[in-house]
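Student: I am new to this structure and would like a close look at a single part, the place where the ligand is found. Please describe the surroundings in one connected account.

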Amino acid sequence: MAKIIVVTSGKGGVGKTTSSAAIGTGIAMRGFKTVIIDFDIGLRNLDLIMGCERRVVYDFVNVINGEANLKQALIKDKRIETLFILPASQTRDKDALSKEGVERILNELAEEFDYIICDSPAGIESGAMMALYFADEAVVVTNPEVSSVRDSDRILGMLSSKSRRAEQGLPGIKEHLLLTRYNPERVVKGEMLSVEDVGEILAIKLLGVIPESQAVLNASNSGQPVILDQDSDAGQAYLDTVARLLGEDVPFRFLNVEKKGLLKRIFGG
Amino acid sequence: MSLLDYFRSTKKNTASTAKERLQIIVAHERNRRNSPDYLPQLERDILAVIRKYVDIADDQVSVSLEKSSDELSVLELNVTFPDDKK
Ligand SMILES: Nc1ncnc2c1ncn2[C@@H]1O[C@H](COP(=O)(O)OP(=O)(O)O)[C@@H](O)[C@H]1O
Ligand SMILES: [Mg+2]
C-alpha cells in the first residue's frame, strides 16, 4: 500500500515545490517507486523544477475527467528509474478537482507506487484542502518568519480536523516540520527566528532544516532537483531530510554559522 | 564579542519580539479553532451590551471556552475597563 505524503504550508513561496521535487527524487533514489503530483491547478511549476516541462502532454485534470489515462499523463523521469511526475493542469477552473476524482486517481496510483508526494498549492482553500485530504503524512514547509509560522499553524489545524483521517476517526496524519531558507548568521544576530523558536511554537517533530542557498536557484535554473546537487549544502540537507522521513536517525547539519577558512576571512565570502 | 556586536545587542532583538508575538497569536488562534462557531458572535454581542454603559475598544473583551473535563466547559469572559472611562 502506498504512503501518501503532502508537502504543504499555507503561505506561498516558502519552498513547497522545491521540497516536493527534492524529497520525491530522494525517495525514488532509494529505489522506491515514487510519483510527485502537482496540485497547484492553474499555475503548474513542478514540471519546470523537475526539468520535464516540454514533455507534458496530459495533466491531472485530464485524467480526472477521463480525457486521458494515467499511463498517458505520467511523465517518467530521465534520471531516476523509479520516479514519475503527474503535472498540474493550467485550467483556470479552480474547482477542477473533485474529492471523488482525486480519490479515484490516488487509489489507482496506490496500486503501483510506494510513495505518492502531493505538492500543495498555497492558501487554505479547496486546492490546498484537496492536496492534504487523503494524506498519511504531512511535511509542513515553514520559513523562519512570522507570517509563515502562523500559516503553518493554521495548516496544522486543517490537518487535524479537515482531513480524511480526521473525518473518519482514523489515527491522525503524521506531521513533520521542514524549516527552509534558514540563515544561521541572521539567527545569531537575533534577526531571524531560530530552529528552536519555530519548533517550540509549532510543537511538531523537526524533519529537516534547509539552509538559504544559491544552489536552489541554480537547480531551478537548470531543471535539476537540488537533491541531485550532492556537493551543495541544500542538496545534502535534503538527503538528510529524506533519510529521516524513511525512519533513519541522522544528525542535523547546517544549523550553525560556518567557520570561515583563512582565505575566506581575508578575501570575504 | 567585538565592540560592534556589543552595540548591536543593545538594540531590542527582533527575533525575540517575533517569537513572543507568535506565541500569543498562535495560542489565541488555536483556542478559536477548538471552540464553537458561535463564539465570535457571542463576543460581539457581549461587547455591544457593555458598550451601552462603558466606552471600550474591541480588544478589551475576550471570550474563551475552556474544556476542563469531559462533562464540563468553562466560559471565560475577560473585560478590561480603562481607569479613566468609568
Ligand atoms: N533553501 C532555499 N534557498 C534559497 N532559495 C530558496 C530555497 N527554497 C526555496 N527557494 C526559492 O524560493 C522561491 C519559492 O520556492 P517554491 O519551492 O516555488 O515555493 P512554493 O512552492 O512554496 O511556492 C523560489 O524562487 C525558490 O528558488
Ligand atoms: Mg509551489
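Tutor: Ligand 1 sits in the largest pocket. A pocket is an open set of points on a 1 Å grid over the protein atoms alone, with protein on both sides within 12 Å along at least five of seven lines, and a molecule sits in it if more than half of its atoms lie within 2 Å of its grid points. This is a predicted model, in which local features need pLDDT of at least 70 and side-chain atom pairs count only at pLDDT 80 or more, while totals for chains, interfaces and linings use all residues. Residues are numbered from 1 along each chain as its sequence is written, chains are lettered from A and ligands numbered from 1 in the order in which they are written, and side-chain values use heavy atoms, without hydrogens and water.

Ligand 1 is surrounded by 13 residues, each with a heavy atom within 4 Å of it. Among the closest are Gly13(A) and Ser213(A). By class, this shell holds four nonpolar, six polar (Gly counts here) and three charged (Asp, Glu, Lys or Arg) residues. Helix H1 (16–29) of chain A gives the most to the shell, three residues; strand E8 (205–211) supplies at least two. Helices (H or I, at least four residues) and strands (E, at least two) are DSSP runs.

Polar contacts are pairs of N or O atoms within 3.5 Å. Oxygen atoms of ligand 1 lie 2.8 Å from a polar backbone atom of Lys16(A), 2.9 Å from one of Thr17(A) and 2.6 Å from a polar side-chain atom of Thr18(A). The protein covers 77% of the 570 Å² of accessible area that ligand 1 has on its own, by the Shrake-Rupley method with a 1.4 Å probe.

Key:
A polar contact is a pair of N or O atoms within 3.5 Å; within protein, one must be able to donate a hydrogen and the other to accept it, and residues adjacent in sequence count only if both atoms are side-chain atoms. On a 1 Å grid over the protein atoms alone, a cavity is a set of points where a 1.4 Å probe fits but cannot get out, and a pocket is an open set with protein on both sides within 12 Å along at least five of seven lines; lining residues have an atom within 4 Å of a point.
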